[in-house]
Number of protein chains: 2
Amino acid sequence: MLGGAAIAKESGAMEEALYGLIGKMKAQPGKRAELIALLTQGTSDMPGCIAYIVAEDAKDEDGIWISEVWRTRQHHADSLKLPAVQESIAKGRPLIAAFESFVETRPVGGVGIDG
Amino acid sequence: MLGGAAIAKESGAMEEALYGLIGKMKAQPGKRAELIALLTQGTSDMPGCIAYIVAEDAKDEDGIWISEVWRTRQHHADSLKLPAVQESIAKGRPLIAAFESFVETRPVGGVGIDG
């Protein structure tokens with residue numbers, strides 16, 4: 001299996017590559033569990049969401065990592081308009097101390113991205 | 001849904017938390033697609049692997065991100081002994097320029113971690 005762009009070209013139909021995000025945020029001290037509960041509560045019905053993995057940083061007690069895979073960039077953008085997601089964001093914002101890192105990716109293979 | 005450790009306590013059976021890894025590596029210039037093909041070829045039969053998402057960094061043309069979720073830390077350790085994985089690692093090593101970042105996580109919720 002080749003890189004994202006190559007897959008798109010190879011499949012002829014100029015199929016749009018999957019869209020991914022990997023980011024780390026810091027919860028306010030002592031608020032990680034509460035923030036994680038909010039981050040995971042609105043995620044069961046997000047069209048085009050293949051993976052949205054919320055994880056505690058094993059060493060940083062305030063650190064939360066989110067790895068996402070979406071069918072397309074647009075599916076991700078549309079998810080931000082969903083009422084359940086907007087509610088989670090609004091409730092979660094006061095519990096977030098900082099966004100430490102954030103990258104956009106093109107998921108291209110492996111396990112758990114068939115969706 | 002609460003944090004990893006809380007889930008373990010709450011479920012009473014001291015169920016071990018899931019084990020996760022998020023890392024970025026840099027391919028040798030021009031070798032990313034070849035390295036990705038190696039990284040994804042040996043992944044179809046890794047017991048306890050819930051997610052192993054290989055993605056191109058959208059901005060860094062040599063950057064590869066891997067987000068992993070394993071049933072347990074031991075399942076991940078055991079996977080490194082699988083012939084197919086050892087073969088991928090051996091073939092891939094010359095194509096790797098650097099390991100840029102690497103964190104261990106406890107995946108606790110979201111989409112795509114039911115496995």
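**A close look at one residue**

Guide: Let's start with Val111(B), which is found in strand β4 of chain B; helices (H or I, at least four residues) and strands (E, at least two) are DSSP runs, numbered from the N terminus. Before going further, please keep in mind that this is a predicted model, where local features need pLDDT of at least 70, side-chain atom pairs count only at pLDDT 80 or more, and totals for chains, interfaces and linings use all residues. Residues are numbered from 1 along each chain as its sequence is written, chains are lettered from A and ligands numbered from 1 in the order in which they are written, and side-chain values use heavy atoms, with hydrogens and water left out.

Val111(B) has a relative accessible area of 18%, so it counts as buried (under 20% relative accessible area; exposed is over 50%, partly exposed in between, with a 1.4 Å probe and protein chains only). What does Val111(B) touch, leaving aside its neighbours within four places in sequence? Its contacts (heavy atoms within 4.5 Å) are Thr43(A), Met46(A), Cys49(A), Ile50(A), Ala51(A), Tyr52(A) and Ile53(A).

Now let's step back to the interface. Here 37 residues of chain B are in contact with 37 residues of chain A. Together with Glu56(B) and Arg106(B), Val111(B) supplies 21% of the area that chain B buries against chain A, more than any other three residues. The area buried between the two chains is about 3,000 Å², and carbon and sulfur atoms give 59% of that; buried area is the accessible area (1.4 Å probe) that two parts lose on being put together, summed over both.

Glu56(B) also takes part in a salt bridge with the side chain of Arg106(A), at 2.7 Å from N to O. The term stands for a side-chain nitrogen of Lys or Arg within 4 Å of a carboxyl oxygen of Asp or Glu, and the count between chain B and chain A is 4. On the side of chain B that touches chain A, the elements giving two or more residues are α1 (4–10), α2 (32–41), β2 (49–57), β3 (63–70) and β4 (96–111).

Strand β4 (residues 96–111) of chain A pairs with β2(B) in the antiparallel sense over 6 bridges; two strands pair if DSSP finds at least two bridges between them. Within this pairing, Pro107(A) has Ala55(B) as its bridge partner.
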